[in-house]
Amino acid sequence: MLAERLLLNLLITIAPVLIYSVLSDKNRKMNSPILSGTLQSLVALTCMIFTHANYGFHWDLRYVPLVLSFLYAGPRAGGMVLGTLVVTRIIMGGNTIYFGLANTLLTALLSFIAAKRFWKLSPNKRVLISSVIGCWPLLLCFVSFNTYHYFQGAPLKIVLNIPDIILIGFIHTLAIIITSKLSENVIERKKMREEIIRAEKLNTLGELAASIAHEVRNPLTVVKGFLQLMQKEEQGKNYEYFSLVLSELGRAESIINDYLNFAKPKFEKLEKFQLADVLSEVVMLLDPLAVKQGVTLKSEFNQNDFSLFTDRNQLKQALVNLIKNAIEATPEGGKVGIQFKHDHQNAIILITDTGKGMTHEQLSRIGTLFYTTKDKGTGLGTSVSLRIIETMNGKVSYKSQPGVGTEVRMILPAGKKEEVTI
Ligand code: ADP
Ligand code: MG
């Protein structure tokens, strides 16, 4: 009889999570605490209706919805279930009413306290914590059951019915594990759905922006060409104005090119080359900027022999963007270092600077499209570089300390013909 009732209770406790998961698939706004509170209160009530009375005590799974609602749906939903349990227990009455009420309140209190830190845990730990908290009312029930019967003078063999204890403990724990696992699945599915929708939106937006950028680039090139022709015939102030207009047009063009490169890096010519050669070219290209800023550019890779198979110009672009950032972040008298080491498959390039560094918050935003802290910045350089390296199957990581400097670590695989993505 006890087993039957408990198994029925088990089904009752699982039902709302299943209903919830079906409904929330159709309706995206299904996370109101009132709704969970109502569903779990119904579960608690039904569990108490199908309870198993044994020597004045009632055995059922009412604590499962109580613990779950506090942990997963918050204090409001938990409060609703607590209210339902207290009222129903008072209506049921009997000699053991105070034990019942005390156990309910103590379980609610523990769940309420645990709920505060619950969402900081990983999903698996949340299931574990729910199960541990789920065992707490069981312990309370057995203690109060035995205390009550001890004072009633009952013979010990009735009080300690081992198979029943094991059965209750097992089904109670099973119910908590199943329901919390199911809740976690619902949460994960919901998160994944949101992520997919967000990615889809971003994708459409990116495609739209890329096609607009592409369309704008052609007329811009035409305008620039004609302006250059017109500039040749001008003198004096007008000539200066033309220079200004052309330089701004050049800036707009480079932003558009950067953006298009970010949207779809084009690896036009794949070739085998020495990494040290490209690094030397980049250093030579950026040396004037470093001199202008009063920064020492130090490179150590002359003896290193490592060849890559990829688009040389794209790699150059990626390196230029990152090293330029390092130079721009470094005050006069500072140092920017470029080193590289390698094993058989990968090259590790380190770009270090003694610049202003970045805070944790800034670091978390780096690589986000259009994020910049500079007056004339575009916020495209890092995003483009990260995208290029990613397309080369490489990785970039940042270490930075405000006021001390930044280290950019780039891992580049040698890249065989068939591995390189275009
Ligand atoms: P931009 O250079 O146009 O601002 P980027 O995408 O190249 O755009 O860089 C974004 C931001 O990241 C910069 O504005 C700067 O604040 C920060 N940043 C990048 N590299 C460094 C670095 N080495 N040291 C300090 N800050 C950096
Ligand atoms: Mg930059």
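The shell around ligand 1 comprises six nonpolar, 10 polar and two charged residues (nonpolar: Ala, Val, Leu, Ile, Met, Phe, Trp, Tyr, Cys and Pro; charged: Asp, Glu, Lys and Arg; polar: the others, Gly among them). This is a predicted model, in which local features need pLDDT of at least 70 and side-chain atom pairs count only at pLDDT 80 or more, while totals for chains, interfaces and linings use all residues. Residues are numbered from 1 along each chain as its sequence is written, ligands are numbered from 1 in the order in which they are written, and side-chain values use heavy atoms, without hydrogens and water.

**Ligand 1**

- Ligand 1 is surrounded by 18 residues (a heavy atom within 4 Å), and the closest are Asn325, Thr372, Thr373, Lys374 and Thr378.
- α11 (312–329) and α13 (381–391) each supply at least two shell residues (helices are DSSP runs of H or I, at least four residues, numbered from the N terminus); α11 gives the most, with three.
- An oxygen atom of ligand 1 lies 2.5 Å from a side-chain N or O atom of Thr372, and a nitrogen atom lies 3.0 Å from one of Asp353.
- The protein covers 95% of the 540 Å² of accessible area that ligand 1 has on its own (Shrake-Rupley method, 1.4 Å probe).

**Domains**

- The chain is divided into domain 1 (2–197), domain 2 (208–263) and domain 3 (270–419), with bounds from an automatic or database domain assignment.
- Eight residues of domain 2 contact 11 of domain 3 (heavy atoms within 4.5 Å).
- About 880 Å² is buried between domain 2 and domain 3, 60% of it from carbon and sulfur atoms (accessible area lost on being put together, 1.4 Å probe, summed over both parts).
- On the domain 2 side, Asp258, Asn261 and Phe262 lose the most area to domain 3, together 62% of what that side buries.

Note on methods: A polar contact is a pair of N or O atoms within 3.5 Å; within protein, one must be able to donate a hydrogen and the other to accept it, and residues adjacent in sequence count only if both atoms are side-chain atoms. Buried area is the accessible area (1.4 Å probe) that two parts lose on being put together, summed over both.
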